[in-house]
Structure formats: structure tokens, C-alpha cells
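Below is a short report on side-chain pairing, surface and fold. Please read it alongside the coordinates.

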Amino acid sequence: MSEEERKKMNALDEAAEKAGGYVLNMVSKDTHYNLRELIKYCKSKGIEPVDLTLRELGNFIVQ
């Protein structure tokens, strides 16, 4: 990786952190979520599931 590419990646990483989440590098179609807990969390926060950050959504992945 070149120095320029590294700088661009660092800038994107910092922007993502300031925005409250990160972009996933790999998304598996085999990823499953605990929907019951996810909905419960959204209701407690007064938000819609589509408004979750990637960081929040990651808390509901079933391993």
C-alpha cells in the first residue's frame, strides 16, 4: 500500500469515527441478527432499526 493510499484510508477512518460508525469491509449473507433484542433496543431508544449505526447493529450479530 502506498503512502497516499494509507493517508486516504486514515482520513476515511477518522471521518467514519466522527460520524459514529465504520463501514464494514466484508458483509456476509450468512450474517444473522437477534431481531428480538434489536427491536427491543430500538423501542427503548425511540429509533427505527434503519437508523442504527453499524456499531450498534454489530451488537446484535449472532455468532
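Lys-40 and Glu-37 form a salt bridge, with their closest N and O atoms 3.9 Å apart. The term covers a side-chain nitrogen of Lys or Arg within 4 Å of a carboxyl oxygen of Asp or Glu. The structure holds one such bridge. Both residues sit in helix 2, three residues apart, so about one helical turn separates them. Side chains of opposite charge can pair when their charged atoms come close.

This is a predicted model: local features need pLDDT of at least 70, side-chain atom pairs count only at pLDDT 80 or more, and totals for chains, interfaces and linings use all residues. Numbering starts from 1 along each chain as its sequence is written, and side-chain values use heavy atoms, with hydrogens and water left out.

The structure also holds one aromatic pair. The ring centres of Tyr-41 and Phe-60 lie 5.4 Å apart and the planes meet at 55°, so the pair is tilted. Rings of Phe, Tyr and Trp (its six-membered ring) pair if their centres lie within 6.5 Å; planes under 30 degrees apart are stacked, over 60 edge-to-face, the rest tilted. Tyr-41 belongs to helix 2 (residues 35-45), while Phe-60 lies in the loop between helix 3 (54-58) and strand 2 (61-62), so the pair ties together parts 19 residues apart in sequence.

Accessibility of selected residues follows. Buried means under 20% relative accessible area, exposed over 50%, and partly exposed in between (1.4 Å probe, protein chains only).

| Residue | Relative accessibility | Class |
|---|---|---|
| Lys-40 | 53% | exposed |
| Glu-37 | 33% | partly exposed |
| Tyr-41 | 23% | partly exposed |
| Phe-60 | 11% | buried |
| Leu-35 | 56% | exposed |

Leu-35 is placed in helix 2. With Tyr-33 and Ile-61, Leu-35 makes a nonpolar surface patch of about 260 Å². Patches take residues with over 30% relative accessible area and no salt bridge; nonpolar side chains (Val, Leu, Ile, Met, Phe, Trp, Tyr) are joined within 5 Å, like charges within 9 Å.

Now the whole chain. The protein has three helices and two strands. Their order from the N terminus is α-β-α-α-β. Helices (H or I, at least four residues) and strands (E, at least two) are DSSP runs. Of the 63 residues, 11% count as buried. The protein exposes about 5800 Å², with carbon and sulfur atoms supplying 54% of it. Areas come from the Shrake-Rupley method with a 1.4 Å probe. Among contacts (heavy atoms within 4.5 Å) with a separation of 6 or more, 50% join residues 24 or more positions apart.
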